[in-house]
Amino acid sequence: MLFPSTIIFALSVVPMMMMLLLGRAAAFSFSHQHHLPRLATPKVVSFLSASSSSLDGLPTISSGDSPFPPLYGKTLVSIQDVITAQQSSTQQTTNTNNNNPKVIFIDASWYHRPDPTTNQFRNPSTEYTHGPRLPSARYIDIDSVATTHELFPQDNPNNLPHMFPPPSLFGVAMDAYNIRNEDHVVIYAKRGAVFTPRMWFLFVSMGHDENRVHLMQGSLEDYIVEVGGESGGVEVHSLADGGGSEEGEIYYEEEYMEYFDDGVLDVKRLYNAYAKLTPRYKVSVSQARHICDKEEVLDAINSNLKSMESNSNDDDDDNDTIILDTRGSSYAKGHMPSAIHLPYAQLVDPNNSLILKPTSEIKQMLDDRGVDYLNPNKKLILSCGSGVSVCHGYLALKQLGREMSNENTRIYDGSWTEWREYPDLPKVTSS
């Protein structure tokens, strides 16, 4: 016999269940009508096939804590670290509380030269679209999430490439990518790419918790081998045809759907629509940290030259600024006075450009050049060709234990691309 209260409860619950089912059906219909690029849940069999008992005892999430111990506080992470953290992340997302911190993969593939085998430039966004990718990976283009002349003509009047973005643009982009302040960001790239440190530094310069920004050591192809190949580790599917299985998830929210094309974000359209709104992602800086302009570099050079003219023999003079130039062979054709050559290619494994060399080897390189990198009172400015490879130098200094501050370690955003265009700026040339 049913009591009246039971009948009332049933009558109240059934309509709610019907509304939920109808809502899910409507969302499914909406996604297919708009041909949304759906990200399939990749078949990461090799590390998700462990028994459920191996997933027990995950850390309880509390304010200020990270549920991913293999990653927290580590800038350089191994593929096995990433696999373990992704296992934990998958478990967390199956819980009822989907507001937990997540592990977010960022495809930072970017190529500055043609492929040596084809002599053609590779298109990283197309490669991302057609896969393979890591689970629910985002593709971020340093030429789009940037202070472009098109969006910010007053801030970039000379149309310099991939200048660091204003915080407002970065925050809007993070909302679209569904990346939150508490998430762990793991940056990776395909074999043949080199400049993942530039993406890492983008997050650092925008104030994302450095304990939660990580560089995977090795390529996507190395990851695939580690997890047992594509058949057992990473599903190959294309976003161009609506990509993925029906069980897949869209990592971004409905309001941002129209700004994605085959999984690639149209940053210009997004910013024009959201520029006046306050992003959910909270950027903790008023401008990119550790970034300087040509005037600051010129002041440092003039100070160095004045010190040289005075014939100062004081090796402990902290007033001098060390300028490190991380370019390759182009350094010899022209560079800034007193700049020390530290080629980025010599900072990475010669057999795998996505793996940083051991700190002992990097230390020897800096010692050989007389760089007092551990002195926090000694100011360092890093420059390169266009503000990309310079981030290898910054990363190397961090790994060596330099005490970084916004004042003592700076990156010249415009770098040689800007400097060479001004005839009145001092230069050392080969001619």
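Phe105 counts as buried, because its relative accessibility is 1%; buried means under 20% relative accessible area, exposed over 50% and partly exposed in between, with a 1.4 Å probe and protein chains only. This is a predicted model in which local features need pLDDT of at least 70 and side-chain atom pairs count only at pLDDT 80 or more, while totals for chains, interfaces and linings use all residues. Residues are numbered from 1 along each chain as its sequence is written, and side-chain values use heavy atoms, with hydrogens and water left out.

**Aromatic pairs**

- A search of the whole structure finds 15 aromatic pairs. Rings of Phe, Tyr and Trp (its six-membered ring) pair if their centres lie within 6.5 Å; planes under 30 degrees apart count as stacked, over 60 as edge-to-face and the rest as tilted.
- Phe105 and Tyr188 make an edge-to-face pair, at 6.4 Å centre to centre and 85° between the planes.
- This pair links distant parts of the chain, with Phe105 in strand 2 (residues 103–107) and Tyr188 in strand 4 (residues 184–188), 83 residues apart. Helices (H or I, at least four residues) and strands (E, at least two) are DSSP runs, numbered from the N terminus.
- Tyr188 is buried, because its relative accessible area is 0%.
- Phe201 and Tyr394 form another edge-to-face pair, with 4.7 Å between the ring centres and 65° between the planes.
- That pair also links distant parts of the chain: Phe201 belongs to helix 6 (residues 196–205) and Tyr394 to helix 11 (residues 390–399), 193 residues apart.
- Phe201 is buried at a relative accessible area of 0%, and Tyr394 is buried at 1%.
- One aromatic cluster is formed by Phe164, Trp200, Phe201 and Tyr394.

**Charges over rings**

- Arg133 has its charged end over the ring of Tyr128, 5.2 Å from the ring centre. A charge sits over a ring if NZ of Lys or CZ of Arg is within 6 Å of the ring centre and within 35 degrees of the ring normal.
- The charged end of Lys294 sits over the ring of Tyr422, at 4.7 Å from its centre.

**Helix 6**

- Helix 6 is largely enclosed by the rest of the structure, because 10 of its 10 residues are buried.
- The buried residues of helix 6 include Arg198, Trp200 and Ser205.
- Gly207 follows helix 6 and has a positive phi, near 90°.

- Five strands make up an open sheet: 5 strands in the order 8-15-14-9-11, with parallel pairing. Two strands pair if DSSP finds at least two bridges between them.
- Strand 8 (291–292) and strand 11 (339–341) are the edge strands, each pairing on one side only.
- Strand 14 (residues 380–383) and strand 15 (residues 409–412) run parallel and are joined by 3 bridges.
- Ile381 has Arg410 in strand 15 as its bridge partner.

**The second largest pocket**

- The volume of the second largest pocket is about 570 Å³. On a 1 Å grid over the protein atoms alone, a pocket is an open set of points with protein on both sides within 12 Å along at least five of seven lines, a cavity is a set of points where a 1.4 Å probe fits but cannot get out, and lining residues have an atom within 4 Å of a point. Grid points are joined across faces, edges and corners, and a volume is the space filled by probe spheres set on the points.
- The lining of this pocket has 25 residues, and the closest to the pocket centre are Asp155, Met163, Ile291, Asp293 and Asp413.
- Strand 8, helix 9 (294–309) and strand 15 each give two or more residues to the lining, and helix 9 gives the most, with 3 residues.
- By class, the lining of the second largest pocket has 12 nonpolar, 5 polar and 8 charged residues. Ala, Val, Leu, Ile, Met, Phe, Trp, Tyr, Cys and Pro count as nonpolar, Asp, Glu, Lys and Arg as charged, and the others, Gly among them, as polar.

**Cavities**

- The structure holds 3 cavities of 30 Å³ or more.
- The largest cavity has a volume of about 70 Å³, and its lining includes Thr196, Pro197, His392 and Leu395.
- Strand 13 (352–356), helix 6 and helix 11 each supply at least two residues of that lining; strand 13 gives the most, with 4 residues.
- The lining of the largest cavity has 8 nonpolar, 4 polar and no charged residues.
- The second largest cavity has a volume of about 60 Å³, and Trp110, Asp141, Arg198 and Met199 are among the residues that line it.
- Its lining divides into 7 nonpolar, 1 polar and 2 charged residues.
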